[in-house]
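Student: Can we go through this model together? I'd like to start with the metal site.

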Amino acid sequence: HAKAKRLGHACYRSEMTDRLVEYRSTQERLSGALERGEFFIVYQPKVDLQTGVIRDVEALLRWRYNGEVIPPYRFISLLEQSREIIPVSNWIATQACRQIAEWELQGYKVGVSINVSAVQFKDDEFCDMIAAAINEVGIDPRSLECEITEGLLIDNVSEAVDKLVQIKEMGVRISIDDFGTGYSSLAYLRQFPIDTLKIDRAFIKDIPHADDGTIASSIIVLSKALGLNVIAEGVETDEQIEFLKHHDCDEYQGYYMSPPVSPEEISVLLERHNSG
Ligand code: C2E
Ligand code: CA
Ligand code: CA
Ligand code: CA
């Protein structure tokens, strides 16, 4: 018994050490990744449920390291800890604006949304940096959208309201990402100048089974009552599409149309879904 316990303990220790080693080496490899050009952006369509037109695309970050594509859950929090997320996010905002201009040149009017990290949002330069990206490229600010999570708003409400009002006054749209997973009350959400609620995939994935459909349809009803646009995340099946159409959801995003892809592949999808 004592031996088993010791072995179990040793095993646990070595797993911890492995993770720590992996963590440290990822952090080392990550520093300078921006300068080395190892980041790239993939885009995922947001589709109008009535017309099938792609209205916007979401910019999602990827890291190419040693020929391997590393997903954001493995490095975003590390970038936040080192505050390196700020220059990386500035780069993403500028790239997103350039991409909007590029698609416009190709004859497509499509907006791009970017994910805003808490560290970036709390930074004093946040609003200036968004304005700089828009002005540098010279796009219509209404083509840009910031995706914000509820958690980011509760820390310092008056400061968050100030910043969102500033962003909104520029013309940039604002959405609440992963809606339904945070802790904010509805009364409280109304203080913020929000355009769109994004229903978290957790409330979509089991449709039409379970009670999850109830939460999704309630969020849709709520959005309508507040005069907000509403989009469902992580849509993969015909049943989910039917459910969302039936409940009058505005847009959807998910593998049903496309996973996040390169700008070139987005152009192909735009040609297919947005022309004529
Ligand atoms: P998110 O903002 O909620 O992004 C949606 C995630 O769901 C993306 O994962 C997307 O690939 C995935 N997804 C989309 N459709 C489907 C579907 O139909 N089924 C399933 N199973 N998944 C789907 P991804 O790209 O791995 O990003 C994960 C998270 O990392 C994002 O969640 C976001 O929180 C963060 N992230 C990604 N890019 C950035 C960025 O540029 N800046 C910041 N701050 N965070 C980012
Ligand atoms: Ca998002
Ligand atoms: Ca989301
Ligand atoms: Ca999410």
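**Calcium site**

Tutor: Glu 58 (OE), Asn 115 (OD1), Glu 147 (OE) and Asp 177 (OD) coordinate the calcium ion (ligand 2) at 2.2 to 2.3 Å. Donors are N, O and S atoms within 2.8 Å of the metal (3.2 Å for Na, K and Ca); water is not among the atoms, so the site may look incomplete. This is a predicted model, where local features need pLDDT of at least 70 and side-chain atom pairs pLDDT 80 or more, while totals for chains, interfaces and linings use all residues. Residues are numbered from 1 along each chain as its sequence is written, chains are lettered from A and ligands numbered from 1 in written order, and side-chain values use heavy atoms, without hydrogens and water.

Student: Which residue coordinates both ligand 2 and ligand 3?

Tutor: Asp 177 does, and the two calcium ions are 3.9 Å apart.

Student: Is Glu 58 buried or exposed?

Tutor: Glu 58 counts as buried because its relative accessibility is 5%. Buried means under 20% relative accessible area, exposed over 50%, partly exposed in between (1.4 Å probe, protein chains only). Asn 115 is partly exposed, at 33%.

Student: New topic. Which residues of H10 are buried?

Tutor: In helix H10 (residues 238-246) they are Gln 240, Ile 241, Phe 243 and Leu 244. Helices (H or I, at least four residues) and strands (E, at least two) are DSSP runs, numbered from the N terminus. The buried residues of H10 fall within an arc of 165 degrees seen down its axis, so they line one face; the arc is that of the directions from the helix axis to the C-beta atoms.

Student: What follows H10?

Tutor: Asp 248, with a positive phi near 65 degrees.
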